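Subject: Structure handover

Dear colleague,

Here is the structure I said I would pass on. My notes on it follow below.

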Amino acid sequence: MNISTASFKHQLKLDIMKTIAALIVYLAILSGCKQKNETSTEPLKNPEKAFSKNGLLEITLEAKEGNIQLAGKSYTAWLYNGSYMPPLLHLIPGDTLRLHLANGLNMQTNLHYHGMNVSPAGNSDNIFRIANPGDTLLYEVIVPKNHDAGTFWYHPHTCGNSEQQVSLGLSGGILVEGLFAKLPPVFKQQKDYIMLLKDIQSTEDLKKVFLCSAEKGVKEVYKFDSEKPRQCTVNGQINPFISIQPGETQIWRIFNVGANIYYNIHLDGHQLYQIGEDGVYYKQVKARDSILMPPGSRIELLVQAKKTGEFKLKTLAMSTGSDGDSYPEVILATMICKGSSIDPLPIPLKVNDQLIDYRTKTITGKRTFRFTEGPGVFYINNRLFNRDSIDTRVKLGSIEEWTIINASDEMHCFHIHQINMQVVEINGKQIEFNGYNDVVNMPPKSIIKLIMPFTEEYMVGKFVYHCHILSHEDKGMMQVIEVVK
Ligand SMILES: [Cu+2]
């Protein structure tokens, strides 16, 4: 081959590579939430709340397929009680939740009460119970009197099917009352917004797959296609607006109730005063420019408007690693600041003085968990999830140090049911004590140390820990733990 042919071929190869690279970037951008028009036309509406009466909150949730409309477009969704934004369960420590879960789907389902410090046994927060199609399951969840106030949520937790059920819409919020006892009394008069972030894929982009079982035969079900774009919503609304006056302070509680998506929350022109996360109020308030929200996490914020104007509440563009996903910048809502100025309230420095720093306690045991992946499979300590095994057995009263290693090139996020974890070290760096988490983001190639207090009587029983990217959980990255007396 002569030189000019070789250089032509070389140029052609370069052009093809450039085109492929551009296509990859384009597909990566598409795989996140898509950007809709930037004009905000409707006010943000808080979800409807279901309240307890005389210590009891009794409610029926029917899971069923339906349709929702977003910006004039129809979406197939799986809904509780026909609503994409089902009731927010408002509980008071000491309450009992009696929840009847009716399964109107064509597959098994159940419920998990994410982040709640409640029993995993019997008909409480027991993810090993299953409602078959047509069945109704009764849950009775006793909220301990010393339960943390804050933000929690409910979603299906069936082995192998959590991702599609949550991504089609099955999730809702839980609020445990008690925030206003932690803030100066004047905060009770401030506007208080709940923001549940859900993302959904259009009906045309849903894949249909066949499931077969001995009892039910072959059924056709939906499964979302992770390569296709998803519509981001706040309380089921696209880019709603939040009205505020200059100097006014509001309380915003943001829940990531999606299946797999990460958010990197930012408000243009403002700092966010974070007062808590994952259902635990902070020891000290932190002013932040942006806040990473892995799947399943919640943040609680004080927002103080600086000046008149329109300010976008966004998720900033981010990547979960070279083997992970890329998410584009998306406007979630618009803060519209106008009207007369109000004297700004002093932002409190401290919120919660009732937290134990477990580094002051005796560690009774140490364990290591290594998160790895292969093609289409995700492991913890080289094992795939088996609901009939017990991978970890812990004696009630133990306070253990767990080292979690992410040996892969993408983020995972560690979640355990029933208990709060204290993050003490990330990649050898000590972490200042400020509270606890129920979801801990694991950057690619990272080593994290946690303190796990298995100290409360209600923890006795079998439950799970797993990656809260539900696609990873469904493909094996979950294990069973039993707390024994
Ligand atoms: Cu993962």
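Strand S3 (residues 56-70) and S4 run antiparallel and are joined by eight bridges. Strands here are DSSP runs of E with at least two residues, numbered from the N terminus, and two strands pair if DSSP finds at least two bridges between them. Lys64 has Leu79 in S4 as its bridge partner.

This is a predicted model: local features need pLDDT of at least 70, side-chain atom pairs count only at pLDDT 80 or more, and totals for chains, interfaces and linings use all residues. Residue numbers start from 1 along each chain as its sequence is written.

S3 and S4 belong to an open sheet of four strands with mixed pairing, in the order S4-S3-S6-S8. Strand S4 (73-80) and strand S8 (136-142) are at the edges with a single partner strand each, so one side of each has no neighbour in the sheet. On average, neighbouring strands of this sheet are turned by 25° against each other, direction ignored (axes are lines fitted to C-alpha atoms; angles run from 0 to 180 degrees between N-to-C directions).

Strand S25 (residues 330-337) is largely enclosed by the rest of the structure, because six of its eight residues are buried. Buried means that 20 or more other C-beta atoms lie within 10 Å of a residue's own, exposed means 12 or fewer, and partly exposed is in between, with C-beta atoms placed from the backbone. S25 pairs with strand S22 (residues 309-315) in the antiparallel sense over seven bridges; Lys314 has Ile331 in S25 as its bridge partner. With strand S15 (residues 241-244), S25 pairs in the parallel sense over four bridges, and there Ser243 has Ile336 as its bridge partner.

Ser243 is also touched by Pro43, as are Pro240 and Phe241, not counting residues up to four places away in sequence (contact: C-beta atoms, placed from the backbone, within 7 Å). Pro43 lies in the loop between strand S1 (33-34) and strand S2 (49-51) and counts as exposed, with 12 C-beta neighbours inside 10 Å. Pro43 and Pro240 are 197 residues apart in sequence, yet 5.2 Å apart in space, C-alpha to C-alpha.

The largest nonpolar core has 116 residues, of which Ile174, Leu197 and Val440 touch the most other members. Such a core is a set of buried Ala, Val, Leu, Ile, Met, Phe, Trp, Tyr and Cys residues joined through C-beta atoms within 7 Å. Not counting residues up to four places away in sequence, the contacts of Leu197 include Cys232, Val234, Ile254, Phe255 and Leu332.

Regards

How values were computed: Two residues are in contact if their C-beta atoms, placed from the backbone, lie within 7 Å.
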